Amino acid sequence: MGSLRKDTKGQWIALSGLVISLILIGLAVLANQAILAGYHSSNAALEFPKENIRELNLHTHDNARMIRSMSFYINSTTNETVPDAFDQLFDNYSIQMKKLYAVHGEVVDVSMVSINSTTGKYTMDDIDMVLVNITYDDGITHYVAEPELIEVNK
Amino acid sequence: MNDKAQLHTLEGLGAAVLMTLTILTITQSTMIVTPQNELAIDVHLEQISSDALTVLDRNPVDSDQYNLTECIASWDMTEASYPDNMTGNLDELDAGLQYLLPDTLYNVDLAYIENGDLKVDNAIIRGPAGKNSVVTRHFVTLTNETVSEMGGSWNLGETELRVVEVRLTAWEV
């Protein structure tokens, strides 16, 4: 036993073993961090309802334009005023959107605030902007655009 | 003076510089190489399928290829069945999706509100959805004008709007 204790020939081997094991531990930590970072960033990208909010916004813009031309059509065939027809059509749109989003556990509200007319008249050329309130909530993400300005004569 | 190990000392110094440089490069680099995991593939698939629907709906109304709204307006309301009638009369939509989503299978469902009730119809069925499938949505609004122009079977009144949710379930094969 005594002779083994005095034998110091393998010290370099023992030391390099220690160094290699430390390097391995360091590499393992780095690799693990990269995997975790990948997981968390992908998970965040999947969880955040970016497309749903963008879709709600874009579709409301498109619809405001469509509803504008439809309300002029209604105005020309019945004696309903353009703002009244606009209101009704927008309500109808809002109810359908609420139900379609509710199916996915998301609460949305799209409501009309006002129709802007530069001259105070409601002819095809005068209505230029519609103000709409848009809210979206899926329990984690809450999005509010109050009001959203929609240029409808473009 | 003993100068036998000078080369060894230089070698040791060189090795130390190399190791320090390597560690610095790894820890200071802003780009972390992320290995592909299942979620990253899902994110990618979700993005391209969402983009596909958006791109399909951006065709101008008078262009040669029908846009998404026009395709949906032309639907004859007959549900697709697998494997005999996979696309119904939505061949054009199917061709567009096939072009935009290569190596991907997909189903298209249409959800809409009729008389206050939710209805979900299968419009295109390309197979049973796989394990890692993602669902993306796009909304289109149909009016009597677009439907009658495209010859579809949506029974809409003159002043009626119908919001249709185009639900695309996509998975890679």
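Predicted model: local features only at pLDDT ≥ 70, side-chain atom pairs only at ≥ 80, totals over all residues.
Reader: Which strands of chain B form the open sheet, and what makes two of them edge strands?

Author: Four strands of chain B form an open sheet with antiparallel pairing, in the order β2-β1-β4-β3. The strands β2 (117–125) and β3 (134–143) of chain B each pair on one side only, and they are the edge strands. From one strand to the next, the twist averages 25 degrees. Helix α2 (residues 38–57) of chain B packs on this sheet, where the helix touches β3 and β4 of chain B and its direction makes about 15 degrees with that of β3(B).

Reader: What is the order of the strands in the open sheet of chain A, and why are two of them said to stand at the edges?

Author: The open sheet of chain A has three strands in the order β1-β2-β3, again with antiparallel pairing. Both β1(A) and β3(A) have a single partner strand, so one side of each is left without a neighbour in the sheet, and they stand at the edges. Neighbouring strands here are turned against each other by 15 degrees on average, direction ignored. Helix α3(A) packs on the sheet and touches β1, β2 and β3 of chain A, while its direction makes about 150 degrees with that of β2(A).

Reader: How do you know that β2 (residues 127–137) of chain A pairs with β3(A), and what do they form together?

Author: Eight bridges hold between β2(A) and β3(A) in the antiparallel sense, and the cut-off is at least two, so the strands count as paired. Together, β2(A) and β3(A) form a hairpin that has four residues between the strands, and G139(A) in the turn has a positive phi of about 95 degrees.

Reader: Why is G120(A) counted as exposed?

Author: G120(A) lies in the loop between β1 (107–117) and β2 of chain A. A residue is exposed if 12 or fewer other C-beta atoms lie within 10 Å of its own, and G120(A) has 6 such neighbours, so it counts as exposed.

Reader: Why is helix α2(A) said to lie largely in the open?

Author: Burial requires 20 or more other C-beta atoms within 10 Å, and of the 37 residues of α2(A) the number buried is one, so this helix lies largely in the open. Strand β3 (residues 142–151) of chain A is described likewise, because one of its ten residues is buried. Helix α2(A) covers residues 11–47 and reaches 54 Å from its first C-alpha to its last, close to the 54 Å expected.

Reader: What part does α2(A) have in the side of chain A that touches chain B?

Author: In all, 25 residues of chain A are in contact with 25 residues of chain B. To the side of chain A that touches chain B, α2(A) gives the most, with ten residues. By class, that side has 15 nonpolar, seven polar and three charged residues.

Conventions
Residues numbered from 1 in each chain as written. Chains lettered and ligands numbered in written order. Expected span 1.5 Å × (residues − 1). Contact = placed C-beta atoms within 7 Å. Nonpolar A, V, L, I, M, F, W, Y, C, P; charged D, E, K, R; others polar. Axes fitted to C-alpha atoms, helices over the stretch in contact; angles between N-to-C directions.
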